[in-house]
Amino acid sequence: MVIYPDHAGIRHAVIAGVNKAGTSSIFTYLSEHPEICASSKKETRYFLSPCPEDIRESFIEYNKFFSHCPSKKTLIRLEATPDYLRFGRQTAERIKRVLNNVHLLFVLREPAERLYSHFRSHSEKSLLRLPSGLTFEDFVQLCLLYEKSGSNPMGLHKFHLTALRAGRYDIFLEDYARVFGSWKGINIFFYENLKNDPIGFMESICEAIGIDKIFFHNFSFQHYNISNTPRFQFFHQIAADINRRVEPFTNECITE
């Protein structure tokens, strides 16, 4: 029988966003840190569904993903479910209710780049593969149509249809700030910094969650294949609009 530690003494860190922003790599890197114990699978997805009403019961249920962790309370228990951000307030409320000592880590990617990465990865091998022959331009127009009217003429999965809205980070981050009552414990990072300076990026995460950053000074990082999003003229205005909304907001968060 697994004996679970006292709720109040356990620290957690959750990589809560976003998809296509290097969260798998970050999870893997942090998993090797001696002050971290990672969940048995990267994406527990626990807080995407209703939790038991009893907080103790929810805490025990969630920590089954960490049953392999030693009982030392100095270790931070880590998981990474990038979809937590896009599900907003309801998910934030579940996390706050169950985990009373948690660092939230949001890794953001330039919205237009992230959307194209979503399109490209799901145009190839994927369980939720997009229809063959669908162009990126058509994909964006379908997302816009769904946002405006809820129409879905091609019967795409909602995961794809909401990919454009998922890049409007300001909406979802404000939900988290309201639920948690402040920006304390809400940490924002940028995928572009991970690509350009992985050591500096990982150091900033270590500082945010209170673990030794020296560990990553001689760390062997995997090679990144840096690809650029082709410039689609039709998408320029949409991307510019998203970036205008997000950039001032994220800058404000960083200075909090």
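1. Disulfide. This predicted model holds one disulfide. The bond joins C37 to C69, with an S to S distance of 1.9 Å. The torsion about the S-S bond of C37 and C69 is about -90°, so the disulfide is left-handed. The pair links distant parts of the chain, 32 residues apart. C37 sits in strand β2 (residues 36-38). C69 sits in the loop between α2 (55-62) and β3 (76-80). Both C37 and C69 are buried.

2. Other cysteines. Are C51 and C143 buried or exposed? C51 has a relative accessibility of 11%, so C51 counts as buried. C143 has a relative accessible area of 0% and is buried. C143 is also listed among the buried residues of α6. C206 is one of the buried residues of α10.

3. Second largest pocket. Its volume is about 260 Å³. The lining has 13 residues, and those closest to the pocket centre are R86, F87, K158, F159 and T162. Which helices supply at least two lining residues each? They are α3 (83-86), α6 (136-149) and α7 (158-161). Helix α7 gives the largest share of the lining, three residues. By residue class, the lining of this pocket divides into six nonpolar, two polar and five charged.

4. Helix α6. Is the length of α6 in agreement or disagreement with its 14 residues? At 1.5 Å a residue α6 should span 20 Å, and its end C-alpha atoms are 20 Å apart, which agrees. The buried residues of α6 are F136, F139, V140, L142 and C143. Seen down the axis of α6, these buried residues fall within an arc of 160°, so they line one face of the helix. Just after α6 comes G150, with a positive phi of about 80°.

5. Cavities. How many cavities of 30 Å³ or more are there? The count comes to two. The largest cavity holds about 70 Å³ of space. Its lining consists of V18, N19, P82, L85, R86, R114 and A166. Four of these lining residues are nonpolar, one is polar and two are charged.

6. The loop between β1 and α1. A cis peptide bond joins G17 and V18, with omega about -10°. V18 lies in the loop between β1 (11-17) and α1 (23-31). Phi of K20 is near 65°, a positive value in a residue other than glycine. K20 has 30% relative accessibility, so K20 counts as partly exposed.

7. R45. R45 lies in the loop between β2 and α2. At 35% relative accessibility, R45 counts as partly exposed. As background for this point and the previous one, most residues other than glycine have a negative phi, and most peptide bonds are trans.

8. P111. Helix α5 (residues 111-121) contains P111. P111 is buried, with a relative accessible area of 8%, under the 20% cut-off. The C-alpha atoms of P111 and A163 are separated by 9.8 Å. Along the chain, P111 and A163 are 52 residues apart.

9. Helix α10. Helix α10 (residues 198-209) has twelve residues. From first C-alpha to last it reaches 17 Å, close to the 16 Å expected at 1.5 Å a residue. Which residues of α10 are buried? They are P198, F201, M202, E203, I205, C206 and I209. E203, on that buried list, belongs to the charged class. G210 follows α10, and its phi is positive, near 80°.

How values were computed:
Residues numbered from 1 in each chain as written. Predicted model: local features only at pLDDT ≥ 70, side-chain atom pairs only at ≥ 80, totals over all residues. Heavy atoms only, no water. Disulfide = S-S within 2.5 Å. Helix = DSSP H or I, 4+ residues; strand = E, 2+ residues; numbered from the N terminus. Buried < 20%, exposed > 50% of the residue type's maximum accessible area, 1.4 Å probe, protein only. 1 Å grid on protein atoms, 1.4 Å probe; cavity = no way out; pocket = protein on both sides within 12 Å on 5 of 7 lines; lining within 4 Å. Points joined across faces, edges and corners; volume = space filled by probe spheres on them. Expected span 1.5 Å × (residues − 1). Arc of directions from axis to C-beta.
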